[in-house]
Amino acid sequence: MIRDSQPQWQKKTYRSVALAVTVVFLVVVLMGMLFVAQGTQHVVDLVGRQSFKTEQRLLKALLYEPVQRDDRVEMNRILKHFFEGNPDYVAIRLYDPAQSQLFSATRPVKQNTLTLQAEIAVGEPQRFVHLVVKKEPVVFAQWLPHRGGTIALLVFGCVVLSQLLWLFIKRFGLDPLYAGVLREQHYYSSLFDQAQEAIFVMSQSGELLRFNNAARRLFKLPETMDVSNLRQFHNKTNWLKIKTFIETIKQKGHHSETAYLSSLDLCVEILGSQIVLEEQTLIQLVLLDITEQYHSQRKLKELQEELERSLDEYRTLFDYSVDGLTVRSLNGELLLCNKSYEEMLGRTFAELNHQHFSTLCDAEEKEVLNEKYRQVLESQSILFEFTYKHKDGHQFPVEIRSVVIDYRGEPCVMSAVRDISSRREKDQRLRELSAVVDHSNDAVMITDDSGEVLAVNKTFCALSGYSEEDLLNKLPLFLQSERHDCEFYAHAVKQLHDEGRWEGEIWIRHRLGHSLPQWLRIETVEEPDEKTTRYVAVSADLSEEKAWEEKMLQLAQTDPLTGSANRVLFRDRLQQAIKRAQSRKEMEVQVFSLDLDYFKRINDSLGHVAGDRMLIEVAARLKRVSREQDTISRLSGDEFAILVTCLNDEVDATRIAQKMLQAISEPMMIDGAELIITASIGVALYPGDGVDDVTLMANADNAMHQAKRQGRSRMCYFSAELADKAQEYLTIESRLRRALEKNQLQLYYQPQVDLASGDIVAAEALLRWHSDELGWVSPDRMIPVAEEGGLIIALGRWIIEECCRTIRGYHQSSGNWFPIAVNVSARQFLEPGFTDELVEIVTFHDIPPSLLELELTESMMLDDVGKAIETMNALSSKGFKIALDDFGTGYTSLAYLKQFPVSKLKLDRAFVTDVHRDVNDAAIAEALVTFTRVMGLSLVAEGIEESVQHKCLNLMGFRFGQGYLFSRPLPKDEFIRLLETKLGVSFVRTIPPD
């Protein structure tokens with residue numbers, strides 16, 4: 001606080017002079033105001049009267065035409081609008097020539113209010129308008145009308161006198177308070193600017209008035225930044241906190257808090273207080289930078305927490321370690337042990353506490369153990385094997401690793417004791433097996449449960465190029481080939497863990513870097529307690545077979561220039577696709593004939609080498625825009641053919657053709673030149689454009705030439721029926737969606753019979769739909785629409801639930817269980833959660849899963865073999881039966897078939913139709929009977945329509961069959977009646993199977 005050193009007489013003089021100046025100033029101001037007010041009143045009166053007269057003329061003009069027409073409604077409207085728009089008017093009245101009132105509008109007015117009145121006449125005959133308006137008075141001094149000069153002189157004298165007095169006071173220093181304020185402000189400003197702490201000064205409302213250089217440095221504020229409201233630097237949440245802080249300072253006079261500003265990585269302690277500056281009460285904030293202390297405290301807290309977690313983890317690891325852990329004093333007495341050690345010896349800690357380690361062995365071995373203990377004390381660490389004695393008397397080998405540690409401030413010996421009884425037995429057996437397999441012609445590798453190699457034979461070393469030392473005690477990850485992805489290895493490991501074995505073709509990496517094909521079989525060797533401890537892998541080299549197979553296939557089926565299929569392979573695949581489409585009506589075969597436009601010009605101008613490079617690039621682009629299952633073929637020259645199957649409508653064909661045209665038309669660099677070429681495409685569809693491969697290829701070629709005739713760089717269909725099919729597709733989709741919602745679909749059931757007895761042993765559920773607009777719609781028409789339109793999932797669930805209801809209903813009425821087969825679409829089968837959904841359905845209907853047989857096609861599973869096997873294994877583990885439908889028409893490999901957990905094969909009708917007169921079909925059928933009998937699979941012949949087929953298949957050994965010879969598909973009620981007469985005894989169950 002600054003002391004006041006001014007004398008008392010100066011203070012009194014200052015007050016007197018200040019009072020005199022104030023009185024003089026007030027007199028001057030009052031006289032001036034009165035003088036100005038008189039002039040103002042006069043001007044206001046003149047303006048008001050003139051404005052009143054102008055408004056009278058305006059109103060008269062507005063009323064003239066309505067008065068002439070005697071339109072009272074319009075006159076009233078004009079007067080009302082005028083009155084409402086002019087709040088100064090007190091009253092408006094309209095009178096006719098007879099002084100009868102036609103309109104009146106008034107407002108309340110205070111007493112003694114001055115008004116102006118007028119009456120105007122309008123039109124012929126005249127109407128009279130009476131107007132009253134308020135006159136706002138101006139307060140002024142009425143007593144100065146004639147003494148303006150005197151007043152002006154008086155005012156001028158007062159102003160001069162006040163100025164002379166003020167100059168006298170300032171000249172002789174008669175203003176001590178003003179001087180003191182200047183000194184204090186200068187003192188505070190110096191402290192404020194030179195302070196090392198950041199200081200902010202703000203108003204009571206939070207307006208930032210001032211901050212010092214330390215604050216500018218602390219918050220990295222620009223030098224040119226002006227003070228402003230503090231609120232703009234904070235979001236809504238932070239501002240509420242600051243506002244609360246300011247309110248607390250106002251209430252208490254001071255307050256302090258600590259805040260961390262994450263955007264600046266800054267932690268500050270805020271000391272707030274109220275100060276009085278220039279007769280204003282302000283808020284002062286002093287900010288102390290404590291960021292370093294803040295981070296130190298946080299780091300200390302994190303270290304403490306990490307230490308506590310480490311201690312907890314150590315305690316858990318110590319107590320639940322598989323090995324026995326002990327802590328002994330330097331003289332060998334036990335101080336601490338874990339539970340594993342107690343279980344290993346069959347003794348409790350109370351029994352072992354402070355016992356010497358020599359009590360754990362026989363007398364003749366005590367000296368050996370004492371010597372080992374001395375070595376620990378000398379070398380600080382040791383690993384050795386010994387024999388311990390159990391409480392019941394039996395001895396067992398152990399591996400002991402000991403080290404000197406500091407325990408509770410004293411040096412002690414910590415030991416990890418592992419029971420190696422099992423390991424010694426396994427090692428012994430491995431040594432015996434090693435002698436057997438070491439001279440085997442097959443490569444053999446044995447690993448432990450962690451994957452580390454324990455043993456390999458000489459054949460494996462010769463095959464892989466690695467020595468035994470390179471392989472032992474290492475993970476054989478370096479043998480993995482780039483030909484397989486992570487999913488392949490993950491699936492193999494999963495199957496190995498789930499089933500205990502894995503077998504299949506695999507490529508391994510040779511030490512020199514190249515890959516070798518192997519046929520690998522891995523078996524799991526389990527202990528009696530069912531814990532896997534060893535894996536035995538036996539492999540045979542397939543290098544020669546693969547090389548010969550690839551060479552022959554390359555020469556016979558591929559184009560040597562582009563690497564795509566040649567005409568022979570294309571026709572073969574087209575014939576297979578037609579055969580599949582003949583047995584499955586919903587399949588569609590599309591043949592695209594593609595020819596490059598003006599390709600001859602490329603050859604003529606740039607040469608055949610450039611032309612060949614263009615053909616290679618075109619083939620590569622066609623592969624990029626096609627699916628993996630599609631066939632790309634170079635037939636000759638610049639002519640390509642593309643085979644697409646399993647598409648459901650012509651829209652797909654158009655889309656694929658457009659993608660091909662777009663891909664080919666993109667610029668390509670050939671020998672440093674940018675070339676652009678186009679193509680013409682013709683499309684032929686099976687069966688509308690042909691029923692054999694020759695006809696389809698010829699018709700597609702004709703359509704391609706038609707596209708060239710139409711201008712090239714386009715696609716053309718062989719027929720014009722696609723528009724009708726597209727319309728039919730849309731109609732079927734909308735009607736099918738409505739039928740599914742209104743439960744208008746039906747399931748028909750076709751029995752599967754015992755070919756020998758004729759008894760019905762099972763049934764296949766077939767979807768039927770009769771539409772009021774479309775009539776009977778076959779599955780060949782509706783299923784592709786459902787798959788393309790996204791209805792197949794809901795449709796498949798409805799079919800499965802309906803079958804479950806049929807099985808449950810038949811059981812409730814007859815007491816018997818009866819199996820039903822259901823066709824499952826590829827999209828439904830690969831849908832995530834399909835297995836759980838099936839389990840949920842059969843659980844809801846309370847039927848055994850084995851009664852619901854799922855029919856899958858070969859092509860469905862080949863789209864994603866790994867995923868298919870995984871899903872089938874999951875279904876099989878839940879008790880569902882799986883059948884392979886239309887067997888023989890796909891590309892199923894026998895190697896894959898061994899991995900599929902199927903219980904039944906259904907021979908496609910393509911092999912049954914001519915089985916009695918076609919030697920090839922008969923041979924395939926007989927071979928399949930033998931194959932399924934050896935594999936332990938059921939076999940069903942589909943499409944039996946003639947007695948001679950029935951007799952022939954029965955003689956071949958087929959046990960079950962299905963077809964129109966026995967029964968057409970029947971509605972539910974008719975099928976139940978048929979079932980009651982021909983049900984096989986072997987399939988009647990009164991108790992659900994496990």
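This is a predicted model: local features need pLDDT of at least 70, side-chain atom pairs count only at pLDDT 80 or more; totals for chains, interfaces and linings use all residues.
Residues are numbered from 1 along each chain as its sequence is written, and side-chain values use heavy atoms, with hydrogens and water left out.

The side chain of D754 meets that of R959 in a salt bridge, at 3.8 Å from N to O, the term standing for a side-chain nitrogen of Lys or Arg within 4 Å of a carboxyl oxygen of Asp or Glu. This pair links distant parts of the chain, since D754 sits in strand β27 and R959 in the loop between α31 and β35, 205 residues apart; helices (H or I, at least four residues) and strands (E, at least two) are DSSP runs numbered from the N terminus. R959, for its part, is partly exposed, with a relative accessible area of 49%.

A second pair is K906 and E855, whose side chains meet in a salt bridge at 2.6 Å, N to O, and which join strand β33 to strand β31 across 51 residues. Is K906 buried or exposed? K906 is buried, at 0% relative accessible area, and E855 is buried too, at 1%. Across the whole structure, the search finds 41 salt bridges.

Now to the sheet, which is open and has five strands in the order β11-β10-β14-β13-β12, with antiparallel pairing; two strands pair if DSSP finds at least two bridges between them. The edge strands, each pairing on one side only, are β11 and β12, and the twist averages 30 degrees from one strand to the next. Helix α10, residues 366–379, packs on the sheet, touching β10, β12, β13 and β14, and its direction makes about 160 degrees with that of β12. Contact here means heavy atoms within 4.5 Å, and axes are lines fitted to C-alpha atoms, for helices over the stretch in contact, with angles running from 0 to 180 degrees between N-to-C directions.

Strands β12 and β13 pair over nine bridges, and F384 has I400 as its bridge partner in β13. Five residues lie between these two strands in their hairpin, where G393 in the turn has a positive phi of about 110 degrees.

Methods. Buried means under 20% relative accessible area, exposed over 50%, partly exposed in between (1.4 Å probe, protein chains only).
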